Amino acid sequence: MGICYIFGAGEGLPKSFRRKKDDIVIAADAGIKNLEKLRIKPDIAVGDFDSLGFVPDCDEIIKHPVMKNDTDMILAVKTGFENGYTKFMLYGGAGGRPDHTFANIQTLTYIVRHGGQGFLDLCGFTATVITDGELSFKKGANGTVSVFALSEAVRNVDLKGLLYPLENATIESGFPLGVSNEFTGEKALIKIGRGTALVIWQGGTELLTV
């Protein structure tokens, strides 16, 4: 199974985009406008389309009522899961209103807690959420990388190959111990033994090892 690409209406868009045969592209409501700028036709458009102002012309439209509990991005993620996808890349989900950006970070938590893996483009940075797992980076990575506790605390934290390493440490949600670390050019590993952590790094997913 390929990657589910979801485009929202905000900032954080790819400089270039090339999909593979097994990938799927979903427009989250007014995210269709960002796709039009990139000359990409989505496979599915999802949302209440209130911010867009009209129902777009698309092969598959999934329209939801305006009065709902789910954000349009969450609805798009659920659609991706329903189509069998577990790896998600979220574009157009940053900038503008900070509450919308934070909602999309929570969406990353939703993805990982439902057995998937999600990444959010943060305009030159990338965010993902780890629960009881690890993230490894290729040799040659540079820039900053930060680790934050989303659960009350993340325990048994190992940071290797970074300027400020940690071993079997605890990072708490009330203190930003993991902010502004740096890659050293060596292979790097972030391992979370127990808990849910947000990781934000400078660069894109191309820095990750498979």
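How many residues does helix H3 have, and how far does helix H3 reach from its first C-alpha to its last? Helix H3 (residues 98–113) has 16 residues and reaches 23 Å between those two atoms, close to the 22 Å expected at 1.5 Å a residue, where the expected span is 1.5 Å times one less than the number of residues.

The model is predicted, and local features need pLDDT of at least 70, while side-chain atom pairs count only at pLDDT 80 or more and totals for chains, interfaces and linings use all residues. Residues are numbered from 1 along each chain as its sequence is written, and side-chain values use heavy atoms, with hydrogens and water left out. Helices (H or I, at least four residues) and strands (E, at least two) are DSSP runs numbered from the N terminus.

**Helix H3 and its surroundings**

The buried residues of H3 are Thr101, Asn104, Ile105, Thr107, Leu108, Thr109, Ile111 and Val112, where buried means under 20% relative accessible area, exposed over 50% and partly exposed in between, with a 1.4 Å probe and protein chains only. These buried residues pack against helix H2 (72–82), S5, strand S6 (117–121), strand S7 (125–131) and strand S14 (196–202), contact being heavy atoms within 4.5 Å. After H3 comes Gly115, whose phi is positive, near 85 degrees.

**Strand S1 and its partners**

Strand S1 (residues 4–7) is covered on both faces, with Cys4 and Ile6 buried on one side and Tyr5 and Phe7 buried on the other. Two strands pair if DSSP finds at least two bridges between them. S1 pairs with strand S5 (residues 87–91) in the parallel sense over four bridges, and Ile6 stands opposite Leu90 in S5. Four bridges also join S1 to strand S2 (residues 24–28), again in parallel, and here Cys4 stands opposite Ile24 in S2.

**Aromatic pairs**

Eight aromatic pairs are found in a search of the whole structure; rings of Phe, Tyr and Trp (its six-membered ring) pair if their centres lie within 6.5 Å, and planes under 30 degrees apart count as stacked, over 60 as edge-to-face and the rest as tilted.

| Pair | Centre to centre | Angle between planes | Type |
|---|---|---|---|
| Tyr5 and Phe17 | 4.8 Å | 90 degrees | edge-to-face |
| Tyr5 and Tyr91 | 6.4 Å | 10 degrees | stacked |

Because Tyr5 lies in strand S1 and Phe17 in the loop between S1 and S2, their pair ties together parts that are 12 residues apart in sequence. Tyr5 is buried, with a relative accessible area of 11%, whereas Phe17 is partly exposed, at 22%. The pair of Tyr5 in strand S1 with Tyr91 in strand S5 links distant parts of the chain, 86 residues apart, and Tyr91 is buried, with a relative accessible area of 10%. Tyr5, Phe7, Phe17 and Tyr91 form one aromatic cluster.

**An open antiparallel sheet**

Four strands, in the order S8-S13-S10-S11, form an open sheet with antiparallel pairing. Strand S8 (134–137) and strand S11 (166–172) stand at the edges with a single partner strand each, so one side of each is left without a neighbour in the sheet. Within this sheet, strand S10 (residues 153–160) and strand S13 (residues 188–194) pair in the antiparallel sense over five bridges, and Leu159 stands opposite Ile190 in S13.
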